[in-house]
Amino acid sequence: MGLARTEVRDALDDVRRLVHDLRPPALDDLGLEAAVRQQAERVRSEVEVQVSAAATTGLPAAVEVAAYRIVSEALANVVKHAHARHVDVRLEGDANALAVTVADDGRGIGPDVTAGVGLLSLRERAEELGGRCEVVCPESGGTTVRAVLPYGGATPTTPSTVPRTEPARSAR
């Protein structure tokens, strides 16, 4: 009987992990903006994070999940690699797309660094929705992750809410 309970408990843990991977419960409990703010709170002991959001309610579920995961991965990269003091996270929606920007004041990505799984997953999440994600290191320093996640038949063009930056030292 003890073995059966252990197997059931393990199976339930696996199901919970799978459900969380599909759609983080924080999105349902809090909404996208608050869930991203919660992610920012988790890294505030390592780096100062400012979150701003506009027009982020009523988004398709797939866009919310992609935005949440992109921000999460970008913040994890800042903490692990950037040695940044400050990060700005911006979520800006319009009628066609959600623009996600995570910009830090860290050391940037060296020209000899190859994109790892984390950076590749950022692009894949955006591309799954017909969008795009770029990682640039402006001449002024730091790293900027910028994703455009279209919805409602939109094309992955740069919405007016995403300003262009200086040429990249290293695009991943």
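The model is predicted: local features need pLDDT of at least 70, side-chain atom pairs count only at pLDDT 80 or more, and totals for chains, interfaces and linings use all residues. Residues are numbered from 1 along each chain as its sequence is written, and side-chain values use heavy atoms, with hydrogens and water left out.

Select residues 32-43, helix α3. Helices here are DSSP runs of H or I with at least four residues, strands are runs of E with at least two, and both are numbered from the N terminus. The 12 residues of α3 should span 16 Å at 1.5 Å a residue, and the end C-alpha atoms are 17 Å apart, which agrees. The expected span is 1.5 Å times one less than the number of residues.

Now colour Leu32, Ala35, Val36, Gln39, Ala40 and Val43, the buried residues of α3 (buried is under 20% relative accessible area, exposed over 50%, partly exposed in between, with a 1.4 Å probe and protein chains only). Viewed down the axis, they fall within an arc of 145°, so they line one face of α3. The arc is taken over directions from the helix axis to the C-beta atoms. Show α2 (25-30), β1 (48-54), α4 (61-82), β2 (86-93) and β3 (97-104) to see what these residues pack against, contact being heavy atoms within 4.5 Å.

Next, select residues 117-128, helix α5. Its buried residues are Gly118, Leu119, Ser121, Leu122 and Ala126. They cover an arc of only 160° around the axis, which puts them on the same side of α5. Their cover includes α4, β4 (132-136) and β5 (144-150). Turn to the face away from the buried side for the exposed residues Val117, Glu127 and Glu128.
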